[in-house]
Amino acid sequence: MDAVRPIALLSAVAIATLGWMTRLEGSEPPYAMIPAINMSVQTAISPPWITLNGTVENPGVTKPIIAANTRFGIKLFSQIYQQQKAKNIFISPLSLTLALQMLNGGATGATHEAIASVLETPGMDQGQIDLTLSALQTHLKEIDSEVELAIANSFWMRQNSSFNANFIQRNETSYHALTREIDFSSPAIAAPVINGWVAEETRQKIDHILEPNDFDSTTIALLLNAIYFKSAWLSPFSESDTREYPFALADGQMKPHPLMFQTQEFAYYENDLFQAIALPYGNTAEVNLYIFLPNPEVGLDLFLEQLNPENWNLWLKEYWENKPVKLGLPRFKIEYDIELKDILTAMNMGIAFSPQADFSSITPEPFWISKIKHKTFLEVNEQGTEASAVTGILGTRSGPVEMIIDRPFFFAIRDDTTGTLLFMGTLVNPML
């Protein structure tokens, strides 16, 4: 049977609802405002410090902001896991970072400081953050001809309301955001329009994120970010090698599930806690799926207790040896969604969800966030681009290392050129 290159399909949508923000009847504009109008996306500015071939020209500027995305993602993931251990979890730190940084550009005072603190960017210049994230988005979209990574932002405004022209201009220029008016007072009409945009930007993998009851006549704006990722493995699997294999669930049950097998040379690392492997995507191997398989006596809980930004950086700096690995990888799909208001409040962003919120750089109408929704999709299977051949690695003197992923594990997808953490998750049950 011909070799098949398994396809990873990943989609994420983050919503920061300014627009879902509860509104207070407010004051006169303190600055020049423009009425909400239909505005098209402007031409993207060339990235000032990430060249088209991915070289980071100014790491002193970009690295702290990219590192902040990693710290935020790991800390947020830890909070989510404590509440949802029995679920397969899949989030996109970058998706949430982009949505919340778009939002924070319109926050002032204590509200801005609280959001910046959660995003691990306190004291950083917002303009510099915007420029870096603009350059990063351009870099990621052009990373590899065989890797499709689409990033889309949008800002939906209530008809006949006034918004700060500088805020809209900033989002269009730095975040390439689509800006549109919409009638939130007709949810049955507005929801399908916005969901249609989400479906288009995620290639129909996430067909909706909003329900008509998610907003009403008090909603004044809605901010969305969508990320879609699709790529074949650099090293393909053969469909004929996929077979049923017992997968050990967290409760000790053994359930048969399809595992894809191959023996190939991969970047590999192990210590007393786990085995780890990097599976490259596309042609350039700049984007990798990192899988951390806790040792049986360790388990996922103990591993995640040790997962923090410091250890993450340490583990990635350790010596990863390119060596033959006999790999067994589950075929799985995750559809995940979460409402993040309570978790972000616990992370000290509560002011943004309260009447004390100050988003006066967006609009003079006082409001606060009512919801932040995050929805993701991941599929790793054998339906995808056919490869002409599978290159196997012959046995060495000691034989290949065996890494059979037959129990709960942690994984992350990372752009290794910049160190950007794109997605992260845990799989506790591939049958869910």
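Biologist: What should I know before we start?
Modeller: This is a predicted model, in which local features need pLDDT of at least 70 and side-chain atom pairs count only at pLDDT 80 or more, while totals for chains, interfaces and linings use all residues. Residues are numbered from 1 along each chain as its sequence is written, and side-chain values use heavy atoms, with hydrogens and water left out.

Biologist: How many aromatic pairs does the structure hold?
Modeller: There are 27. Rings of Phe, Tyr and Trp (its six-membered ring) pair if their centres lie within 6.5 Å. Planes under 30 degrees apart count as stacked, over 60 as edge-to-face and the rest as tilted.

Biologist: What kind of pair do F292 and W320 make?
Modeller: Their ring centres are 6.4 Å apart and their planes stand at 85 degrees, so the pair is edge-to-face.

Biologist: Which parts does that pair tie together?
Modeller: F292 lies in strand β14 (residues 287–294) and W320 in the loop between α8 (309–317) and β15 (321–330), so the pair links parts 28 residues apart in sequence. Helices (H or I, at least four residues) and strands (E, at least two) are DSSP runs, numbered from the N terminus.

Biologist: Is F292 buried or exposed?
Modeller: F292 is buried, with a relative accessible area of 0%. W320 is buried too, at 15%. Buried means under 20% relative accessible area, exposed over 50%, and partly exposed in between (1.4 Å probe, protein chains only).

Biologist: And what about F292 with F410?
Modeller: Those ring centres are 6.1 Å apart and the planes are at 50 degrees, so this pair is tilted. F410 lies in strand β20 (residues 409–415), so here F292 is tied to a part 118 residues away in sequence. F410 is buried as well.

Biologist: Which residues do ring pairs link into a cluster?
Modeller: F77, Y269, F274, Y290, F292, F303, W312, W315, W320 and F410.

Biologist: New topic. How many cavities of 30 Å³ or more are there?
Modeller: There are 2. On a 1 Å grid over the protein atoms alone, a cavity is a set of points where a 1.4 Å probe fits but cannot get out. A pocket is an open set with protein on both sides within 12 Å along at least five of seven lines, and lining residues have an atom within 4 Å of a point.

Biologist: What lines the largest cavity?
Modeller: I74, F77, S78, Y81, Q82, L304 and L307. Helix α1 (residues 59–83) gives the largest share, 5 residues. The cavity's volume is about 50 Å³.

Biologist: And the second largest cavity, what lines that?
Modeller: I65, A68, N69, T97, Q101, L119 and T121. Its volume is about 30 Å³. The largest share of this lining, 3 residues, again comes from α1.

Biologist: Which residues of α9 are buried?
Modeller: In helix α9 (residues 341–349), I343, L344, M347 and M349 are buried. They cover an arc of only 115 degrees around the axis, which puts them on the same side of α9. The face turned away from that buried side carries the exposed D342 and A346.

Biologist: How much space lies in the second largest pocket?
Modeller: About 310 Å³. It is lined by 18 residues, and L249, A250, D251, P408 and V428 are the closest to its centre. Helix α7 (residues 299–306) gives the largest share, 3 residues.

Definitions and conventions
Grid points are joined across faces, edges and corners, and a volume is the space filled by probe spheres set on the points. The arc is that of the directions from the helix axis to the C-beta atoms.
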